[in-house]
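Reader: Before we discuss any geometry, could you show me the sequence and the model, so that I can follow each answer on the coordinates themselves?

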Amino acid sequence: ALGLADAPAPILRNLVSCIGAATCKLGLCRSRDLAHAIRAALEQSGLDLDEFGERRLYVSGCLDCCGRHPIADVGLCGAVRNIEGRPAPHYLLQLGGRVGEGETRLAQGKQAAPAKNVPALVVALLARFRQSPQWPDFARFLDAKGQQLAESLAAEHKRAPTSCENEAFFIDWGATEPFVLAEREGRKCGASANRADEAPC
């Protein structure tokens, strides 16, 4: 009532991200900035977000899982793929993670999409879930070929244009310079520096 906080839909309140490559030395992608982009895409999607209840969207900037993506309904894990010999930020889509007595399982999925395509991919997946006969049971949706549908959607969003078509696909969310990989203390890390004097990791 005092205007000190908003009241987003539960699916937005449950959107979790690790700090990502903006400051983490091990992070590959800027997961926190992607989370902001996903929220904006969902808010503009026309979907009734309140209908999705407590669905969990978790984002990790790398395989270290600090964003807890393996136990998310929709988990995203930062990765790197080469496009025309240049590294570009991508995310693995993994679905169906949950924790509970007798039903704990890790999210599954192998398809990766360019970071700039991920918000649209998440919106498309949730829209198809909303239209499915298994709605609103996400586990049933995945068991009834929803996992295969998600893999197909990820494949459709997999294509990134060449740099001549769209240089933005080589720039991570929240960054202004092209994505790079760098070696630091024997570990690979990736990020896009926002200033000339800012270290990439």
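**Aromatic rings, a helix and its strands**

Author: In this predicted model, Phe52, Phe129, Trp135, Phe138 and Phe141 form one aromatic cluster.

Reader: How many aromatic pairs does a search of the whole structure find, and which kind is formed by Phe129 and Phe138?

Author: The search of the whole structure finds six aromatic pairs. For Phe129 and Phe138 the ring centres are 5.0 Å apart and the planes stand at 80°. An angle over 60 degrees counts as edge-to-face, and the pair of Phe129 and Phe138 is accordingly edge-to-face.

Reader: Which ring does the charged end of Arg86 sit over, and at what distance from the ring centre does Lys116 lie over Trp173?

Author: The charged end of Arg86 is placed 4.0 Å from the centre of a ring, that of Phe170. Lys116 lies over the face of Trp173, and its distance from the ring centre is 5.2 Å.

Reader: What span should the 13 residues of helix 2 have, and within what arc do its buried residues fall?

Author: At 1.5 Å a residue, helix 2 (residues 31-43) should span 18 Å, which agrees with the 18 Å between its end C-alpha atoms. Its buried residues are Ser31, Leu34, Ala35, Ala37, Ile38, Ala41 and Leu42. Seen down the axis of helix 2, these buried residues line one face, because they fall within an arc of 165°.

Reader: What covers the buried residues of helix 2, and how many residues of strand 3 are buried?

Author: The cover over the buried residues of helix 2 includes helix 1, helix 3, strand 1, strand 2, strand 3 and strand 4. Strand 3 (74-83) is itself mostly covered, the number of its ten residues that are buried being seven.

Reader: In what sense do strand 2 and strand 3 pair, and which residue of strand 4 is the bridge partner of Leu76?

Author: Strand 2 and strand 3 pair over four bridges in the parallel sense, and Val59 has Leu76 as its bridge partner in strand 3. Strand 3 and strand 4 run antiparallel and are joined by ten bridges. In strand 4, the bridge partner of Leu76 is Leu93.

Key: Residues are numbered from 1 along each chain as its sequence is written. This is a predicted model: local features need pLDDT of at least 70, side-chain atom pairs count only at pLDDT 80 or more; totals for chains, interfaces and linings use all residues. Side-chain values use heavy atoms; hydrogens and water are left out. Rings of Phe, Tyr and Trp (its six-membered ring) pair if their centres lie within 6.5 Å; planes under 30 degrees apart count as stacked, over 60 as edge-to-face and the rest as tilted. A charge sits over a ring if NZ of Lys or CZ of Arg is within 6 Å of the ring centre and within 35 degrees of the ring normal. Helices (H or I, at least four residues) and strands (E, at least two) are DSSP runs, numbered from the N terminus. The expected span of a helix is 1.5 Å times one less than its number of residues. Buried means under 20% relative accessible area, exposed over 50%, partly exposed in between (1.4 Å probe, protein chains only). The arc is that of the directions from the helix axis to the C-beta atoms. Contact means heavy atoms within 4.5 Å. Two strands pair if DSSP finds at least two bridges between them.
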